[in-house]
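Please look over the sequence and the model before reading on. The paragraphs below go through selected parts in turn.

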2 protein chains.
Amino acid sequence: MKSRIKYPRSEKVYLPGTIYPELRVGMRKVEQVPSTTFAGEEKVITPNPDIYIYDTSGPFSDPDIEIDLKKGLPRLREPWILRRNDVEQLPEITSEYGRMRRDDKSLDHLRFEHISLPYRAKRGKCCTQMYYAKQGIITPEMEYVAIRENMNCAELGIETHITPEFVRREIAEGRALLPANINHPEAEPMIIGRNFLVKINTNIGNSATTSSIDEEVEKALWSCKWGGDTLMDLSTGENIHETREWIIRNCPVPVGTVPIYQALEKVNGRVEDLTWELYRDTLIEQCEQGVDYFTIHAGIRRHNVHLADKRLCGIVSRGGSIMSKWCLVHDRESFLYEHFDDICDILAQYDVAVSLGDGLRPGSTYDANDEAQFAELDTMGELVLRAWAKNVQAFIEGPGHVPMHKIKENMERQIEKCHNAPFYTLGPLVTDIAPGYDHITSAIGAAQIGWLGTAMLCYVTPKEHLALPDKEDVRTGVITYKIAAHAADLAKGHPGAQVRDNALSKARYEFRWKDQFDLSLDPERAQTYFRAGHHIDGEYCTMCGPNFCAMRLSRELGKKKE
Amino acid sequence: MKSRIKYPRSEKVYLPGTIYPELRVGMRKVEQVPSTTFAGEEKVITPNPDIYIYDTSGPFSDPDIEIDLKKGLPRLREPWILRRNDVEQLPEITSEYGRMRRDDKSLDHLRFEHISLPYRAKRGKCCTQMYYAKQGIITPEMEYVAIRENMNCAELGIETHITPEFVRREIAEGRALLPANINHPEAEPMIIGRNFLVKINTNIGNSATTSSIDEEVEKALWSCKWGGDTLMDLSTGENIHETREWIIRNCPVPVGTVPIYQALEKVNGRVEDLTWELYRDTLIEQCEQGVDYFTIHAGIRRHNVHLADKRLCGIVSRGGSIMSKWCLVHDRESFLYEHFDDICDILAQYDVAVSLGDGLRPGSTYDANDEAQFAELDTMGELVLRAWAKNVQAFIEGPGHVPMHKIKENMERQIEKCHNAPFYTLGPLVTDIAPGYDHITSAIGAAQIGWLGTAMLCYVTPKEHLALPDKEDVRTGVITYKIAAHAADLAKGHPGAQVRDNALSKARYEFRWKDQFDLSLDPERAQTYFRAGHHIDGEYCTMCGPNFCAMRLSRELGKKKE
């Protein structure tokens with residue numbers, strides 16, 4: 001498997017910190033070709049500035065770092081974590097299941113070889129970014145994201161409100177989170193909150209019927225290459241434990257999971273056999289592997305399950321349907337809800353964030369904004385306060401399928417009921433009639449809800465509703481969501497967001513084709529399409545031919561007047 | 001070339017009129033599989049209603065109509081036109097250029113064989129739909145579109161405000177237009193206005209460097225198959241006159257052009273040689289061939305050209321740059337502006353609509369909503385009144401590249417300055433950084449501006465900015481824009497728009513895969529993706545495997561409670 005990520009004509013550069021001068025915040029720098037203009041007949045060559053691009057590819061795009069997927073990535077954050085002196089390395093892993101897998105010789109050939117023993121907060125200590133933020137401490141992670149969010153600002157003199165102190169305050173008040181499990185020190189810090197760049201999540205994972213560990217690791221790298229900000233491993237097939245280890249050790253972005261999936265696999269798919277003890281062991285297993293956030297469907301309550309009866313599409317969340325069935329079979333309150341404080345106590349020991357899963361999200365536009373959905377949102381609002389009380393970072397998952405005129409209510413209600421906790425939505429899909437194109441139906445909704453304040457968008461691929469995505473689908477899904485997120489950043493006026501658009505537009509107008517490609521979200525595709533078009537000359541192209549090139553004519557007018 | 005359009009499990013049906021019982025309004029009917037539910041252990045079979053789908057494929061999808069592309073489509077509207085007794089058939093074509101082409105023996109092998117002599121309004125008569133509407137006359141065309149817009153309403157008892165009288169009033173007041181050149185009687189009536197279904201336009205056309213007549217006709221059919229509501233032939237290459245004839249004779253949807261393109265070809269690309277006389281002859285040539293609407297960049301004024309100087313991307317409209325150059329070279333007012341009343345006099349004789357081209361539309365998000373753009377919009381507002389005064393149907397073209405937060409101002413200003421004339425926008429693209437994916441960057445903007453009131457969306461393909469689209473790009477562009485348009489219809493609450501979504505969602509929930517495919521915008525692609533996913537069983541699929549199918553679990557909960 002290739003373990004290098006390359007971008008055309010880009011250089012991996014690192015920016016230092018001020019509070020923490022040793023920080024090295026990775027970015028991708030694109031050096032532009034100079035512009036040629038005319039003063040009368042004379043050619044004037046003007047340089048164009050370097051453009052910095054937010055970079056999710058981590059060490060994979062640094063030619064100076066040697067990478068061996070079998071050893072995993074450098075443990076960037078480990079010294080920062082240890083310096084805080086509030087965690088201890090355990091003598092062995094805590095989870096019973098984890099130990100069982102470890103001791104199973106038949107799995108040796110699948111196993112990641114260089115597993116470190118896990119860290120956990122010392123007794124009486126708290127090691128979450130939220131805890132530090134509340135204490136007024138700016139961590140290296142916080143300064144890192146402040147630098148990362150401000151790309152191009154210092155260089156081009158753009159004013160920005162995003163300082164390390166601003167980052168700290170947003171985290172302290174729960175408006176943002178910085179997912180950073182102490183057992184995933186390989187991940188580069190990033191932040192999720194509505195006053196920052198809109199982020200996107202990519203889902204990968206095997207199912208009972210498909211895919212190998214290699215394929216999943218390859219998809220993870222692929223997602224990071226194209227710009228995925230976090231990665232959810234939604235595996236429901238075989239060897240979930242081992243697959244996850246490989247992914248986490250090689251993933252430069254935060255990793256999320258839905259622990260109930262693995263718990264259900266452990267009871268061979270028998271929902272009724274799920275127990276709190278089993279789930280608890282699964283949480284600990286995953287906390288100690290380094291998962292950065294868990295989707296937990298604790299918002300499903302026994303008395304709300306029936307609200308989905310009136311729907312066209314019932315319950316379409318896997319976690320939601322599992323927990324609803326559990327509640328009905330046992331005729332009692334969900335153990336996730338009942339044990340939510342216990343869950344938070346565990347998560348706080350590793351700084352794992354909780355993403356409150358929307359088990360009752362609408363699965364069709366008809367079901368959008370209904371009683372079931374909003375009843376769950378109210379419960380989430382209660383739970384998020386309980387998470388914060390334990391210094392656990394938290395965010396809220398959202399729909400799903402919502403027609404455009406009902407999107408705004410989703411956002412406003414979420415902000416109100418969930419006390420400004422970040423929103424993390426799937427799409428929403430704005431119509432149900434385009435299977436095969438649901439990356440597009442959902443990007444339309446995603447761009448809008450991102451603009452309105454959603455902090456992270458969960459990508460959707462063209463195969464949604466039809467099949468598991470392959471690599472090309474992952475690429476298309478990620479780029480589509482980068483578009484939605486970036487469109488939202490522009491509309492929100494994120495500092496520096498417009499820089500890349502302006503540079504690309506100027507390159508387009510000046511027929512600097514290479515810059516146009518290299519500044520784009522997918523330089524490879526842009527070039528392929530361009531080449532397929534039998535391009536003729538640097539100053540026009542096959543679309544219009546020489547006489548009909550508006551930009552050429554327009555530039556000639558410029559020359560004429562000078 | 002194939003001259004048949006097929007949709008899976010669909011039947012071509014025709015609905016009759018009430019005022020005009022002889023009308024046969026074509027629709028596509030999808031017969032659904034019945035649902036299977038359970039009452040206790042007993043299976044209950046419930047039928048699902050037929051779903052009607054708006055159909056732009058014309059006679060091509062009717063197996064009972066024999067089609068010979070060399071003869072063209074049946075002349076559906078000819079009897080209605082003749083019955084009004086206000087047009088006459090000319091003894092020969094009026095345009096000098098048209099006659100020259102006709103008499104050129106070297107073109108015989110390219111020529112469409114069965115050209116009819118053109119119709120024109122009798123002296124002192126007016127034959128435009130706007131004229132009739134103002135007289136209080138409901139034409140067969142108006143009743144036709146009323147029926148067409150109300151698909152599924154009568155069958156499912158959905159209330160609708162769209163009556164033939166409503167259509168008439170919207171046209172009379174200029175809020176909608178019904179493009180219907182008397183020389184394109186093959187086209188099925190359709191309506192463009194913000195109180196109707198949002199429409200989409202597809203651009204095809206050769207350029208100096210590519211494509212044959214056959215290819216262009218094939219693309220035209222292809223566009224109609226996937227749902228293009230109108231078709232613009234933007235050819236700028238060879239044999240534009242002959243290519244257009246073939247397209248119009250075989251096109252069941254209205255055809256638009258930008259006559260300045262052909263005029264420029266006639267003077268070998270020398271902008272300075274363009275004259276009113278040449279342009280006038282081109283208009284007449286195209287009116288008599290049957291073009292239904294012309295994009296005319298009459299909004300460019302001599303004194304506004306310099307407003308584009310401040311821009312990042314200058315002028316990106318081909319027509320705009322041509323006319324700007326003409327104004328500067330001759331240092332005088334544009335002949336399109338000066339002769340606008342003369343132009344309208346010509347158009348009225350054939351019922352050709354005018355689409356006021358936005359020559360100063362922004363070509364980058366940076367340039368959006370600037371002085372140049374809005375100065376032109378003001379001129380368009382003046383011109384639309386002049387068109388209406390001559391009973392010429394009119395609409396207004398709009399941008400372009402606009403970030404999301406500036407879209408609303410575009411729509412509101414257009415409504416205000418252009419007196420409620422329909423808006424027809426290209427995208428807008430909400431970011432500039434995704435060449436290769438501009439169907440998506442623009443669909444995000446298109447869905448929003450459609451919801452806000454834009455009546456027709458001009459499609460953008462993945463090759464925008466990079467190359468001319470091939471057939472697959474046309475398909476992707478059309479489907480992407482059908483998504484944007486339909487999302488807008490849902491958000492606007494168009495009567496019956498939600499029917500198809502609900503039917504598809506219900507089919508999805510009940511694992512009626514065939515219905516899910518056949519009700520979708522692109523059944524072929526949905527099936528291909530599904531099959532590639534190694535689907536196993538009717539009641540779950542590879543995405544989740546048997547244990548993780550939320551819909552299956554959710555349905556089981558339903559059974560459990562009964």
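What follows is a walk through annotated positions, backbone features, a helix pair and cysteines.

This is a predicted model, in which local features need pLDDT of at least 70, side-chain atom pairs count only at pLDDT 80 or more, and totals for chains, interfaces and linings use all residues. Residues are numbered from 1 along each chain as its sequence is written, chains are lettered from A and ligands numbered from 1 in the order in which they are written, and side-chain values use heavy atoms, with hydrogens and water left out.

Begin with the annotated histidines. In an unreviewed entry, UniProt places the feature "binding site" at A:His401 and A:His465. These two positions are spread over 65 residues of sequence, yet they cluster in space, with a largest C-alpha distance of 12.2 Å. UniProt positions are given here in the numbering of this structure, feature names are shortened, and annotations may be inferred rather than shown by experiment.

A:His401 sits in the loop between strand E15 (394-398) and helix H15 (407-417) of chain A. Helices (H or I, at least four residues) and strands (E, at least two) are DSSP runs, numbered from the N terminus. Is A:His401 buried or exposed? A:His401 is buried, at a relative accessible area of 6%; buried means under 20% relative accessible area, exposed over 50%, and partly exposed in between, with a 1.4 Å probe and protein chains only. Not counting residues up to four places away in sequence, A:His401 touches A:Pro362, A:Gly363, A:Ser364, A:Thr365, A:Ala368, A:Pro428, A:Leu429, A:Asp432, A:His465 and B:Arg508. Contact here means heavy atoms within 4.5 Å. The other annotated histidine, A:His465, is found in the loop between strand E17 (456-458) and helix H17 (471-492) of chain A. A:His465 also counts as buried, with a relative accessible area of 13%.

Two peptide bonds come next. A cis peptide bond joins A:Pro399 and A:Gly400, with omega about 10 degrees, and A:Gly400 belongs to the loop between E15 and H15 of chain A. Another cis peptide bond joins A:Gly427 and A:Pro428, again with omega about 10 degrees. A:Pro428 lies in the loop between strand E16 (423-426) and helix H16 (438-452) of chain A, and is one of the residues that A:His401 touches.

Most residues other than glycine have a negative phi, and most peptide bonds are trans. In chain B, B:Asn268 has a positive phi, near 55 degrees. B:Asn268 is in the loop between helix H9 (259-266) and helix H10 (276-289) of chain B and is exposed, at 64% relative accessibility. B:His419 also has a positive phi, near 55 degrees. Its place is the loop between helix H15 (407-417) and strand E16 (423-426) of chain B, where B:His419 is partly exposed at 31% relative accessibility.

Now turn to a strand residue of chain A. A:Thr202 is part of strand E10 (residues 199-204) and is buried, at 0% relative accessibility. Leaving aside neighbours within four places in sequence, A:Thr202 is in contact with A:Ser223, A:Gly228, A:Thr230, A:Leu231, A:Met232, A:Tyr459, A:Val474 and A:Val478.

Which residues of H7(A) meet H8(A)? From H7(A) they are A:Ile213, A:Glu216, A:Val217 and A:Ala220, and they meet A:Glu242, A:Thr243, A:Trp246 and A:Ile247 in H8(A). By class, this contact has five nonpolar, one polar and two charged residues. Ala, Val, Leu, Ile, Met, Phe, Trp, Tyr, Cys and Pro count as nonpolar, Asp, Glu, Lys and Arg as charged, and the others, Gly among them, as polar.

How many disulfides does the structure hold over all chains? The structure holds zero, where a disulfide is a pair of cysteine sulfur atoms within 2.5 Å. The sulfur of A:Cys287 is 10 Å from the closest cysteine sulfur, in A:Cys127, which is too far for a bond. A:Cys287 is buried, at 0% relative accessibility. B:Cys418 is in no disulfide either, as the nearest cysteine sulfur, that of B:Cys344, is 14 Å away. B:Cys418 is buried, at 0% relative accessibility.

For "binding site", an unreviewed UniProt entry lists A:Cys541, A:Cys544 and A:Cys549. Of these, A:Cys549 is found in the loop between helix H20 (523-532) and helix H21 (550-561) of chain A, and A:Cys549 is buried with a relative accessible area of 9%.
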